[in-house]
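Morning, everyone. I'd like to walk you through one model today. Please have a look at it first.

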Amino acid sequence: MNEFSGIATWLQATGPYGLVAILGWAFWRINERKDAALRELYERVAEMGRAQTEATVKVEAALLALKEAIEEMHDSQAPRVRSNT
């Protein structure tokens, strides 16, 4: 209770300005925590975006390599036409 009586004494001495100061401090602390949480969320989302982009690039490269391999396979298996000249 000693802590609360000290706060009560301080509020009596400062009047409404003390209450405004305490409310401002509390609001600042809440916003500080919220900003930290938002920064952490942004970093996680950015990392997920980078990972997804990297995976997409790898899949596209693999599909392109597969397409080229199929085309080479078809070209090597195509019957060769001889000219009679």
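How many salt bridges does a search of the whole structure find? Three. Keep in mind that this is a predicted model.

Let's start at the first helix. Helix H1 covers residues 2–14. It has 13 residues, so at 1.5 Å a residue it should span 18 Å. Its end C-alpha atoms are 18 Å apart, which agrees. After H1 comes Gly 15, with a positive phi near 70°.

Now, the salt bridges. Side chains of opposite charge can pair when their charged atoms come close.

Take Arg 29 and Glu 32. The closest N and O atoms of this pair are 3.4 Å apart. Both residues lie in helix H2, residues 16–77. They sit three residues apart, about one turn of the helix. Why does that spacing matter? An α-helix has 3.6 residues a turn, so residues three or four places apart point the same way.

Next pair: Arg 50 and Glu 47. Here the closest N and O atoms are 3.1 Å apart. Again, both are in H2, three residues apart. Glu 47 is partly exposed, with a relative accessible area of 44%.

Last pair: Glu 54 with Lys 58, at 3.2 Å between the closest N and O atoms. These two are four residues apart in H2, so about one helical turn separates them. Glu 54 is partly exposed, at 47%. Lys 58 reaches 54%, and 54% is over the 50% cut-off, so Lys 58 counts as exposed.

Key
Residues numbered from 1 in each chain as written. Predicted model: local features only at pLDDT ≥ 70, side-chain atom pairs only at ≥ 80, totals over all residues. Heavy atoms only, no water. Expected span 1.5 Å × (residues − 1). Salt bridge = Lys/Arg side-chain N within 4 Å of Asp/Glu carboxyl O. Buried < 20%, exposed > 50% of the residue type's maximum accessible area, 1.4 Å probe, protein only.
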